[in-house]
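Please consult the sequence and structure shown below while reading.

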Amino acid sequence: MGCGVSVENGDDSSVALGKSEIAIRSAILIQKWFRRYQARIEARRRCTWKIFQSVEYAGEQDQLKLFNFFNDMLNHVADGDNNAVDILRKGSASSSTSTISKTSEKLEMLTDPSKITVEETYKGPHVALPLTLLTVRNIIELYKSHKLLHVKYVLLILRETREKLKVLPNIYRASTRISKQITICGDLHGKLDDLFVIFHKNGLPSAENPYIFNGDLVDRGPYSVEIAIILFSFFLLYPTGVYINRGNHEDHIMNLRYGFVKEVMDKYKEHSSKVMQLFGDIFGWLPLATVVNNKILITHGGISNITDLSFIDKIDRHKYVSILKPPGMDKAHPDTFDLLEWRQVLDLLWSDPKPFPGCKPNTFRGGGCYFGPDITDRILKKHDLELLVRSHECKFEGYEYMHGGKVITIFSASDYYEQGSNRGAYMKIGPDMNPYFVQYQASKAKKHLTLKQRIGIVEESAIRELRERLYANKIALMAAFEERDKGNTGYLTATQWASAVESVLKLDVPWNMLRHQLAHVLPDGKVEYRSCFDQYIIETGLHKNGPSITETLYRHRSNLETIFRLMDKDNSGFVSMEEFEECCHLLNEHTNSNIPVDSIEDLAKSIDMDKDGHIDFNEFLEAFRLVDHSNSNHLSFKEHSPVNSIHIVS
C-alpha cells in the first residue's frame, strides 16, 4: 500500500509539474506577443512621426526656396524690366520692417494709440502704463473667454515692449541666485491652452518664479496674438521674471506663410497693418539666447561649428528683421563679414542636433545646420558651459536628451500635429542645477485614450495628409507611373511605385511600408497606381479652368498666398486684378508651371465677382477644396484594401 501511495504522489507531482511548465510557456508566449505588439505600435508611431516631420520640413524648404527665388529676381532684374518684379519690389519694401523701422519716428507716428478711440460697446479691460498684475490677470481672463483686447491697448503694450527690448543685449544673462529656480518653455505656436496649462501647474511669472520662453510663440496655432500679448505684458511687469528668446518663426517672411499675418488681419481688420508692423519690428529686437548661471545656454535652434557667443554679443540683431533675407544680399557680392555675421544668427535659430559627428548644412529644413556631439562638446567647452537647451523640434514626450545628455530639446505645444500626437513639456532648473520635466496634454478629449487609440488617430491624420498630397500632384505622378509602366498595365511593383512617388513628392518617408494605406495592393504585391487618386477630387467654384490649372493652383496655394501677402502692402486682404495676375506670373516662374497667360487673365476675371477690379484673396483660397468622395459611385481603394493601419511586416 505504501508503494501505491508513493506512485500516486508521483503522479500528482508530474501533473503539477506539467501545469507549471504550461504556465511558464504560456507566460513566455504572452510576453513575446506583447513585446511584438509594442514593437509594432512603436514602429507605427515612428512612421507617423516621420510623415508629419517630412511634411513640416518640406513646407519650410518651400518657403526658403521661394524667398531665394524672390531675392534672385530682385537682384538680377532691373527696375522697369519686369512688371511682376516691380510689384514684388514695392511689396517687399513695404512689408519688410527693416524699411519701416529706418526711422523710429515714422513707426511711432503710424502706431500711435492715442489716435484710436475705444468704443462704448467695448467690454474688455482698459490698459494703462505702467501695467499692474490686476490688469494682466484681466487680460488673461478676457482671452480665456475668447474675446479680443482692444487694438488701442494692443498697440500700447507692443510699443512699450519694443522700447524695453531695444536696450537688452543679444544674449540674456539670467541667474537663479535669488529665485532658486527657473522654468524653460519651448515652442508654443499659438496654442493658448498649453500656456494656460503651464501657468496652472507652475504659477504665473514673477521675479520669484522666472520663465524663459525659447521662441516660436507665433504661427500655426490660432492664438498667437494672445500668447504674445500675455508674455509681453508679464515681461513689462517683471523684467527679471520673463526672458523671451527669438525663434525662427519670429520672422515676417515666415509669418506670411504660416498664419500669423492672416491671424492679425482677421482679428484687427483695418488696424492690422499697424499691429503687424509693430510685431515685425519687435521680433527683430528679441534677444537671440539666454545663459543661465553662466552654465546653461538656451537658444531656439542650436549651434554650429562657427558659433561664437562673444561675436554674437556684438551683432546689431535688429537688422535681421527677417533672418531669411540677410543684409547685403541685394549686392552682387555681399561682404564676407556680413555673411559670417548672418550665419551666426541663422545657426542659432534654425539648426538641429544629430547623432553623427561633424557639422553640415541642414538640407531637411533648408536652413541652419546639423551639429553632432563633437560640435556640442567643442562649443560648450569653448564657452565654459555645461548644457545646451534648445527647442525647434516637436518631440513625442515633449522633451528629449541627446549628445550624452549635453543637449536637451524642450517643446511645449502639445497635440502639435494632431490631437493626441504628442505631449507638451516644460523644464525646471532647481538650486542643484539639475533639470526635471513636467509633461501635459492640453486636450481633455484625448487624455484617457490608450496608446494604440492615440496612435490610430494620429496615423489616420498623417495618411490623410499624404493622400491629399498624392492627389494634388496627380499629373506629375501619373507621368512618373506611366514612365515606369512600360507595358501600360496599370500596375507597378512596390519598389517602382515607391520610387515614382519619392521622385515627385520629395518626402523622406517609407513609401514601401505605406503603400497598403495609399493604394490598392494586389496579393502578389503589385500596386494599382491609379487607385492613389480614387478618394479625392478638387472642387472649385471657379470655371473656365482645366484640371491641370486647378491642380497647379491647389498644389502651390501656399506659395501663391505668400506672394500675395508680400504684395498686399496694407494687409487689407485685397489686391488689384493686375497684382493678382502678377502673383500668378511669379508662381509660374518659380514653379515652371507654364500656366497660359490667357488662362491667368480668365481666372482673375472669374474671381472678381463684383467687377470692381479687386480680388478678395481669402475667398480665392477658400474656393479650392479637396473633397473626399469615397462614398460616391467612384470606387475607393478603401473598398479594395482591408488594411486600416500602417502595414508593418513582422
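Leaving aside neighbours within four places in sequence, with which residues is Thr307 in contact? In this predicted model, Thr307 touches Ile312, Gln344, Leu348, Ile379, Lys382 and His383 once those neighbours are set aside. Thr307 belongs to the loop that connects β6 (296-298) with α12 (309-313). Its relative accessibility is 1%, so Thr307 counts as buried, the cut-off being under 20%. The side chain of Thr307 also reaches the backbone nitrogen of Ser304, at 2.8 Å.

**The chain as a whole**

The protein chain has 650 residues, of which 54% count as buried. Its secondary structure comprises 23 helices and 21 strands. When contacts between residues at least 6 apart in sequence are considered, 74% of them join residues at least 24 apart.

**Covered helices**

Helix α7 (residues 192-202) is mostly covered, with eight of its 11 residues buried. The buried residues of α7 are Leu192, Asp194, Leu195, Phe196, Val197, Ile198, Phe199 and Asn202. They pack against helices α5 (133-144) and α8 (224-237), and against strands β2 (182-185), β3 (211-213), β13 (424-429) and β14 (435-440). Directly after α7 comes Gly203, with a positive phi of about 90°.

Helix α10 (residues 260-268) is largely enclosed by the rest of the structure, because seven of its nine residues are buried. These are Phe260, Val261, Glu263, Val264, Met265, Lys267 and Tyr268. Lys269 follows α10 and has a positive phi near 40°.

**Helix packing around α11**

Two packed helices are described by the angle between their axes and the distance between the axes. For α10 and α11, the angle is about 145° and the axes are 8 Å apart. Their crossing is right-handed. On the α10 side, Phe260, Val261, Val264, Met265 and Tyr268 take part, and they meet Ser272, Val275, Met276, Phe279 and Phe283 of α11. By class, this contact of α10 with α11 has nine nonpolar residues, one polar residue and no charged residues.

Helix α11 (residues 272-285) also packs with helix α6 (residues 151-166): their axes come within 10 Å and cross at roughly 20°. Because angles under 35 degrees count as roughly parallel, α6 is described as roughly parallel to α11. The crossing of α6 with α11 is left-handed. From α6, the contact draws on Val151, Val154, Leu155, Leu158, Arg159, Thr161, Arg162, Leu165 and Lys166, and from α11 on Lys274, Val275, Leu278, Phe279, Asp281, Ile282 and Trp285. The residues of the contact of α6 with α11 comprise 10 nonpolar, one polar and five charged.

**Backbone exceptions**

Most residues other than glycine have a negative phi, and most peptide bonds are trans. The peptide bond from Leu129 to Pro130 is cis, with omega near -5°. Pro130 is situated in the loop between α4 (104-110) and α5.

Notes:
Residues numbered from 1 in each chain as written. Predicted model: local features only at pLDDT ≥ 70, side-chain atom pairs only at ≥ 80, totals over all residues. Heavy atoms only, no water. Axes fitted to C-alpha atoms, helices over the stretch in contact; angles between N-to-C directions. Helix = DSSP H or I, 4+ residues; strand = E, 2+ residues; numbered from the N terminus. Parallel < 35°, antiparallel > 145°, perpendicular 65-115°, else oblique. Left-handed = near helix turned anticlockwise from the far one by under 90°. Contact = heavy atoms within 4.5 Å. Nonpolar A, V, L, I, M, F, W, Y, C, P; charged D, E, K, R; others polar. Buried < 20%, exposed > 50% of the residue type's maximum accessible area, 1.4 Å probe, protein only. Polar contact = N/O pair within 3.5 Å; in protein donor to acceptor, adjacent residues only side chain to side chain.
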